[in-house]
Structures are given as C-alpha cells and as structure tokens.
Amino acid sequence: MPVTRVSPQDQAEARAQKWVRPSVRALTAYHVPPAEGRIKLDAMENPYQWPAEMEQEWLQCLHGAPLNRYPDPTANAVRERLRASLSLAPDQLVMLGNGSDELIQIIQLSLAGPGRVVMAPVPTFVMYQMIARFVGAEFVGVPLRDDFTLDRDRMLAAIHRHDPSVIFIAYPNNPSGNLFERPLLQEIIEAADGLVVIDEAYHVFAGESFIADIGHYANVVVMRTLSKMGLAGLRLGYLAGAAAWLQQFDKVRLPYNINVLTQISAVFALERSALFEEQAARIVAERERVASALTERGFTVFPSATNFLLFRAAGSAARTYEHLLDHKVLIKNLHQADTPLADCLRVTVGTPEENDAFLAGLRQF
Ligand SMILES: *Cc1c(COP(=O)(O)O)cnc(C)c1O
C-alpha cells in the first residue's frame with residue numbers, strides 16, 4: 001500500500017495556518033519593489049553622498065567601536081545632542097527608535113490595543129494603520145478632501161464619536177506632500193482627549209513645526225526621523241514630548257534598540273547638520289524645477305513641503321509608471337480608483353541628473 005507522505009513544508013504550512021493569529025494571516029507584507037539598475041525615485045531618500053573627506057572622518061570615528069559590548073541602552077550622547085538642538089524644557093524628554101517606524105509601534109503598544117481606536121486622516125503614511133492591525137486596535141481613517149486638505153467637520157465628528165487613544169498627523173503629509181493648516185490642527189488637538197502625534201518626518205524640507213507646542217498642550221508629542229534628511233540607512237527616529245508620556249513609552253522600548261554604529265554615526269552626523277540642510281535646500285530648489293516641468297507637460301501637481309511630488313496623470317497612471325520603468329526610472333504608483341488618489345503618482349526628488357532622466361522618460365511617453 002502506497003503511503004502518501006505529507007512533506008515537511010506542507011506540515012509547516014498547516015501548523016502556521018493553525019497557530020499564527022488570524023489578524024496576522026490577513027495582512028499582506030510591506031512590499032518594496034527591487035531597484036537594482038534603476039534610478040530610484042520611489043522612497044524619499046536623499047540622493048547625495050558625503051564628501052570624501054567627511055567619509056574618512058566618519059570611518060575614523062567608527063574605528064575601534066566596541067562591537068563586543070552592548071550599546072549604551074539610553075543612547076545618551078545622541079539624545080543630549082538632540083535635546084540641545086530642540087531647546088527642550090527640563091520636564092521634556094527625547095526618546096529614540098530604530099526608525100520612526102519603531103516609535104509608531106512603541107506608541108501603539110502603549111496606547112492602542114483591542115477596544116481602542118487609532119485615528120489618522122487618510123490617505124497617509126501606511127504604517128499607522130498596519131501597526132494598529134498588529135496590536136489589535138481599530139483604525140479609523142478620516143478621509144481628506146479631494147485636494148488633500150483636512151476635512152474639519154468630519155475630523156471633529158470622528159474624534160467625538162470614537163474618542164481615539166491616539167491620532168497620527170503627518171505634517172507634512174505623505175503621500176500628498178502638503179502641510180495641513182495649523183489652526184485646524186490646533187482645533188483637533190483641543191478636541192482630542194488622547195495623544196496627538198505630529199509626525200514631522202519631512203521637517204528638514206518643511207520648516208514648519210509643532211515642537212514649540214509640546215509645552216502648551218498636554219496631549220502633543222512630535223516625532224521626527226533622520227531618514228528623509230539623508231540617513232535612511234542608519235534607522236534613527238526620535239520622539240520629543242512631556243516626560244509623563246515618554247517615561248511610559250520607555251517601558252515598552254526594547255533595551256539596546258539603537259546599535260553602537262548608529263549611535264556613533266548619528267552624533268557624527270548631527271554635529272555636521274549644516275551639510276544636510278544645504279542638501280535639503282538643493283533638493284527643494286530641484287523640487288520646484290521638476291514641479292514646473294510637470295505642470296508644463298499638463299500634469300496636475302499638488303503643492304509639496306517635502307522632497308517628493310504627488311502628481312496626476314489623468315487616465316494613465318499605470319501606463320506612465322510602466323513606461324518610466326522601461327526607461328529604468330522607479331517611482332511610486334498610488335492610483336486607487338474612485339479616491340482622491342485616482343491617477344496619482346509620487347516621485348522623489350533626486351539629483352538634477354536623475355530628475356532630468358525622469359523628465360526625459362516622461363517626454364518620450
Ligand atoms: C518615511 C516616513 C516615516 C518613516 O521613517 P523611518 O524613520 O525611516 O522609519 C514616518 N512617517 C512618515 C510620514 C514618513 O513619510
């Protein structure tokens with residue numbers, strides 16, 4: 001009698017299906033398209049590298065880094081440098097994360113969970129919603145208007161109805177690129193009882209900030225990252241706010257979440273912030289040039305306070321995206337039918353040469 005043997009892979013599949021939580025099984029993994037051999041304008045990275053001399057100095061700093069030892073669990077040198085540059089009050093703290101993605105997770109592990117609501121205007125940064133699903137919280141996305149401005153009445157009504165434990169506001173917003181109106185955000189902060197996280201990932205390009213407001217409001221913290229400024233590979237995000245909130249979050253943070261190499265490199269880079277500001281100014285100038293060129297070609301370009309542009313290719317987003325891929329240029333297709341993102345594409349501003357390649361690819365379309 002032939003015995004049908006179930007392969008070890010199939011057994012593992014069955015066991016995983018049985019034991020992995022249904023909410024996790026229902027997720028689709030965050031997809032990053034391959035970029036090899038392509039001009040990468042899809043992930044809001046800074047295209048510039050460091051001057052050779054600065055790179056040598058950095059390698060000197062890393063030389064002899066004690067990789068056999070655990071890092072400083074509080075990453076004090078990094079936090080002190082950030083504290084000073086943010087001019088925080090004595091009762092305000094800085095907390096670090098392995099990217100701001102980790103901080104979003106720490107905040108939600110502390111505040112969200114079953115029976116609690118996480119809220120954000122949508123479309124916005126997808127991690128707020130993904131992490132809400134991991135922690136078993138309900139995510140309520142409040143639609144922005146067609147021009148991606150806040151819908152005041154809808155937002156205030158949703159706050160009253162759901163009493164969210166935390167509201168995430170990307171300021172400026174990703175993927176739309178715009179800054180929401182400050183008076184409307186103040187109304188939202190005052191209407192909310194739970195925490196409002198102002199995510200300033202694009203601060204170096206936007207200038208505008210709520211950092212001075214963390215002392216005025218009992219429920220505001222500000223989150224930033226070094227990623228978009230030029231250090232995406234380092235994975236360092238930070239949160240500034242009242243000690244009352246941050247001391248609680250710190251209990252959830254895994255010890256040693258910021259590794260030795262990141263700690264040394266971050267201090268080195270923060271001591272040279274003028275370089276990153278100068279690069280940001282160049283990127284902003286390029287952004288305006290690319291925006292004008294897109295407008296001239298008949299695309300609708302949305303206002304941006306970031307290092308990317310959202311634009312609409314009426315009826316041809318997918319074809320435009322594929323055509324650019326054929327020309328080795330990778331951008332992001334955000335098209336979702338019957339939403340404000342219909343026919344929308346997002347391009348990160350690169351070097352002048354990269355932007356020219358992008359515009360040349362479009363011209364041939
Ligand atoms: C890119 C981005 C982040 C994530 O930054 P990391 O520090 O690289 O994890 C957070 N918020 C917004 C709005 C972003 O666009």
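This is a predicted model: local features need pLDDT of at least 70, side-chain atom pairs count only at pLDDT 80 or more; totals for chains, interfaces and linings use all residues.

Student: Which residues come nearest to the ligand?

Tutor: The shell around the ligand has 14 residues, and S100, D199, T225, S227 and K228 come nearest.

Student: Which helices each supply at least two residues of that shell?

Tutor: They are α5, residues 100–111, and α10, residues 227–231.

Student: How do the shell residues divide into nonpolar, polar and charged?

Tutor: There are 5 nonpolar, 5 polar and 4 charged residues in the shell.

Student: Which side chains have an N or O atom close enough to the ligand to count as a polar contact?

Tutor: The cut-off is 3.5 Å between N or O atoms. In the side chain of S227, such an atom is 2.6 Å from an oxygen atom of the ligand. For Y202 the distance from its side chain to a ligand oxygen is 2.7 Å. R235 also has a polar side-chain atom 2.7 Å from an oxygen of the ligand.

Student: How much of the ligand's accessible area does the protein cover?

Tutor: On its own the ligand has 390 Å² of accessible area, and the protein covers 94% of that. The ligand takes up the space of the largest pocket.

Student: Now the single residue. Where is S165 found?

Tutor: S165 is in the loop that runs between α7 (152–162) and β5 (166–170).

Student: Is S165 buried or exposed?

Tutor: Buried means under 20% relative accessible area. S165 has 14%, so S165 is buried.

Student: Which backbone oxygen does the side chain of S165 reach?

Tutor: The side chain of S165 reaches the backbone oxygen of L111, at 3.2 Å.

Terms used: Residues are numbered from 1 along each chain as its sequence is written. Side-chain values use heavy atoms; hydrogens and water are left out. A residue is near a molecule or strand if one of its heavy atoms lies within 4 Å of it. A polar contact is a pair of N or O atoms within 3.5 Å; within protein, one must be able to donate a hydrogen and the other to accept it, and residues adjacent in sequence count only if both atoms are side-chain atoms. Accessible areas come from the Shrake-Rupley method with a 1.4 Å probe; for residues, only the protein chains shown count as cover. On a 1 Å grid over the protein atoms alone, a cavity is a set of points where a 1.4 Å probe fits but cannot get out, and a pocket is an open set with protein on both sides within 12 Å along at least five of seven lines; lining residues have an atom within 4 Å of a point. A molecule sits in a cavity or pocket if more than half of its atoms lie within 2 Å of its grid points. Helices (H or I, at least four residues) and strands (E, at least two) are DSSP runs, numbered from the N terminus. Ala, Val, Leu, Ile, Met, Phe, Trp, Tyr, Cys and Pro count as nonpolar, Asp, Glu, Lys and Arg as charged, and the others, Gly among them, as polar. Buried means under 20% relative accessible area, exposed over 50%, partly exposed in between (1.4 Å probe, protein chains only).
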